[in-house]
Each structure stands twice: as C-alpha cells, then as structure tokens.
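Have the structure open as you read.

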2 protein chains.
Amino acid sequence: MAERLRQDDRRRQLIGIGLEILATKPIHALSVDEVAARAGISRGLLFHYFATKQDYYAAVVRAAARRLLTAAQAGPEVAPDRQLRSTVAAYVGFVVRHREPYLAFFRGGAGADPQIQAIYEEVRDALTDRALAATGLPASPVTRLAVRGWWSLVESLAVDHSGERAPAVASEALVSYAVDALPGLLAGLDRLTAPAI
Amino acid sequence: MAERLRQDDRRRQLIGIGLEILATKPIHALSVDEVAARAGISRGLLFHYFATKQDYYAAVVRAAARRLLTAAQAGPEVAPDRQLRSTVAAYVGFVVRHREPYLAFFRGGAGADPQIQAIYEEVRDALTDRALAATGLPASPVTRLAVRGWWSLVESLAVDHSGERAPAVASEALVSYAVDALPGLLAGLDRLTAPAI
DNA sequence: GGCCTTGTTGAGCAGTGCTCGACAAGATAG
DNA sequence: CTATCTTGTCGAGCACTGCTCAACAAGGCC
C-alpha cells in the first residue's frame, strides 16, 4: 500500500510527475498506469484526483503555464522604462533554458482540447497585458491585436534561437531586437484605425 | 463488400474523409472505426493503406498543408512589387474562410509527432522563402529568423481577426498593416548582425 | 472504544489500435 | 474458357488503455 498523503501533497506529486514525463513525450503516449506506477499508487487513485486523463493533463499544463508566467515577470525593482525589456529577457531566457518542455507544453499540447486552449489564451492575455502596461498605451482591441501578434513574433524568435546549437546572435541582442520592434508595430497601427484608401 | 477501388482513389477518399472529420474534432477523438464506417470499408483495409493511425493523420495534415500552400500563392501575373501583398492577402483569406480547419490542422495537431512537426516546418519554410523572394533580400540565417517571426505575427493577426464576429478592421487594412510591418522588422536587423557595445 | 471522513486498492468492463490469415474481384497468360 | 497471379478487401482476435465501482484501511474526533 502506498504511503498515505494529504490531498494537496498527492496532487502536487502527481502534477510534478506529469511535468517531468510530459516534457519529453506527448500525452497520448503516456498511460495512466505509468503515472500511477511512478507515484507508487494504483490506477484508481489517479482517477480520484483527476476525473479524466484530459483533466490531469490540463492540470499539468496549468502548472507549466504558472511557471512560465512567474519566470517571465519583471520584478517591482525594475525601472518602468526597463520593464518591457526585463519581461522579454526573462521570457526568452525561460524558452532557452527549458526549450523541450516549452515546446511540449505550449506547442505540442492537444490544442483541440478546450481546457488547454483556455490556458494558452490566459497566458497570451497575461503577457499581452504586461507588455501593454509597459508601453503605457491604452488597451484598445486594435492595440491588443498588435501586441498579441508581437508576442507571436517574440515566441518565434525565442524558439528558433533556442534551437540553434551555435546561435547566430547573442540572446541579449535578440531581446533588444524584439523589444525595439514593438514601437514600430504600434506606430503602424494608425493606418489601421483610420483607414485611408 | 465495399466497392473495389484503385489504390489512388481509395487513398484519396480516405484522406478526404479525414479532412472533413478532423476539421472539427481532434485525432484522439476519432476512431479508426469511424473512418472505416464512413468509407464503407473494414478497419483492416485502412491499415492496409496507412500502417498507423498516426500515419493516416500525417497524410491528412499533409493534404491540408498542400491546400494552404496552394491557396497562399501569388500567381505569376502579379507584379513583382505586389507579390508579397498578394501572398499575404491570400493567406489571410484562407485563414478567414477556413478558420476551424486551419486551427484544427495547424494549431491543434499533435505537435509532438515528428511527422507533423516536419510538415509544419515545411510550410513555414515555404512561406518564408516566398516572402524572402518577394523582398529581394539575401536569405541569411538572420533574415530567415526575422521573416519566420514575421510570419508568426501574420498568423496571429489572421487567426485573431478571423475569430472576431464583428471585425475591428477590414481584411484589406489588416493585410496592408502586415505587409508594411516587414520592412521595419528587416531594417532593425542591422543592430543584430553588427552588435554594438 | 466507536464512528465518520478520506485516502487507497484491485478487479473488471468497454472500447480502441493493430495484426493476421483467408477470401474474392480483376487482369493476364495459355 | 480455364488457370494463375495480383491486389483490394474482410473479420476475427489480441493486447492494452481509459475509466468505474464496490470494498477496505488509516487517521481524526467525540
């Protein structure tokens, strides 16, 4: 019989195991038995904590998202005009350090699952909010559209950059490039809101 | 007994069925039986054509990718300086017209599967090549990095825009914005290639 | 000590991906 | 027209997996 744990501890343990395993293999390749065996518990108990395998996966991805959002956070000690750079630098650093898990959780994930989609949406929204706050611009639908797009650009840069074995550019330079790209993208919005012809 | 078809025809039929079904539900929710039933054949025959369910899915995604690349193609009659705009307009139009399938195949897909990843990579590369050719810039690793990132931006814009029930901006304006964003992003590259400090 | 809560088990069901040996419809040759 | 070969097709069956459920055991409380 497995050691008896408190609800919270057991949940944390199971999610931790998920973070480990699912960083290197997709959900459909992970059987509930494997998780249970690794935790030293029975299959049934896993379903006591997570009604569904999808629910379990969602909980794991949610934990990963929390880690990302925590990592990509500029501390309050950062000067206002360096907030954006600090956030982007932290984000890029996170992707570089945890490339495989990042891809597994935020690219590979069963994107069709509405739960997972919701998590992705939350992360995007949170990052967009931070960037918007750092620029000081009002959060109109159009500015949000542009900033979300800019984050996609940043993600692409970070992922590609983290995949190079001999990076073409230094991480700091990449961050500078990404940060400097945002004002131009926002300036171009004038044409969108006031459509000429 | 099912009508006897030629190899090519049967494959085409099965892939067509996949394009229909998988546009609205994820693979793991699609059973081989359902495909077989819809095609009026036995389960076994499906595995004769596609050794694995994953192989089948990959074939379907490949077909979807081919459709996307065909749609997002500027005809030879387009003037050189309009090629980029034409390509982007076609791409955005495709996403707007086929939003659900687009998300299902190019976002939802089992991203962990190396076959699927390879297809995504091919699409990205092909689109990047077209954009680079249209700008006339040399295809260095750094310009590719930037153009790939720009395509991510464009995809984000297109997906977000196609999801709005009352679009904040007209599609043409969005295309203009996207196209006009590229030169600025490429100009900023100077700082990357010649790092100061 | 008795009892309620709660963490835990293990057998078992339904469904799914995949294999495999056999069969049948056309094409080809004699 | 028959014999043979190719090739598209079937369906039973295996192994496994997600999930259910009734029973059990370890604390905590009175």
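The notes below cover the DNA contacts and then some salt bridges.

## Around DNA strand C

Please keep in mind that this model is predicted. There are 24 residues around DNA strand C, and those that come nearest are A:Gln7, A:Arg10, A:Ser42, B:Arg43 and B:Lys53. By class, the residues of this surface divide into 10 nonpolar, 7 polar and 7 charged. H3(A) gives the largest share, 5 residues.

For B:Lys53, a side-chain N or O atom is 2.6 Å from a phosphate oxygen.

## Salt bridges

Over all chains, the structure holds 22 salt bridges. One of them joins A:Asp9 and A:Arg12 at 3.6 Å, N to O. Both residues sit in helix H1 of chain A, 3 residues apart, or about one turn of the helix. A:Asp9 is partly exposed at 33% relative accessibility, while A:Arg12 is exposed at 55%.

Another bridge, at 2.7 Å, pairs A:Glu121 with A:Arg148. This pair links distant parts of the chain, helix H7 and helix H8 of chain A, 27 residues apart. A:Arg148 counts as buried because its relative accessible area is 10%. Both residues also belong to a salt-bridge network with A:Asp125, A:Asp129, A:Arg144 and B:Asp160.

Key. Residues numbered from 1 in each chain as written. Chains lettered and ligands numbered in written order. Predicted model: local features only at pLDDT ≥ 70, side-chain atom pairs only at ≥ 80, totals over all residues. Heavy atoms only, no water. Near = heavy atom within 4 Å. Polar contact = N/O pair within 3.5 Å; in protein donor to acceptor, adjacent residues only side chain to side chain. Helix = DSSP H or I, 4+ residues; strand = E, 2+ residues; numbered from the N terminus. Nonpolar A, V, L, I, M, F, W, Y, C, P; charged D, E, K, R; others polar. Salt bridge = Lys/Arg side-chain N within 4 Å of Asp/Glu carboxyl O. Buried < 20%, exposed > 50% of the residue type's maximum accessible area, 1.4 Å probe, protein only.
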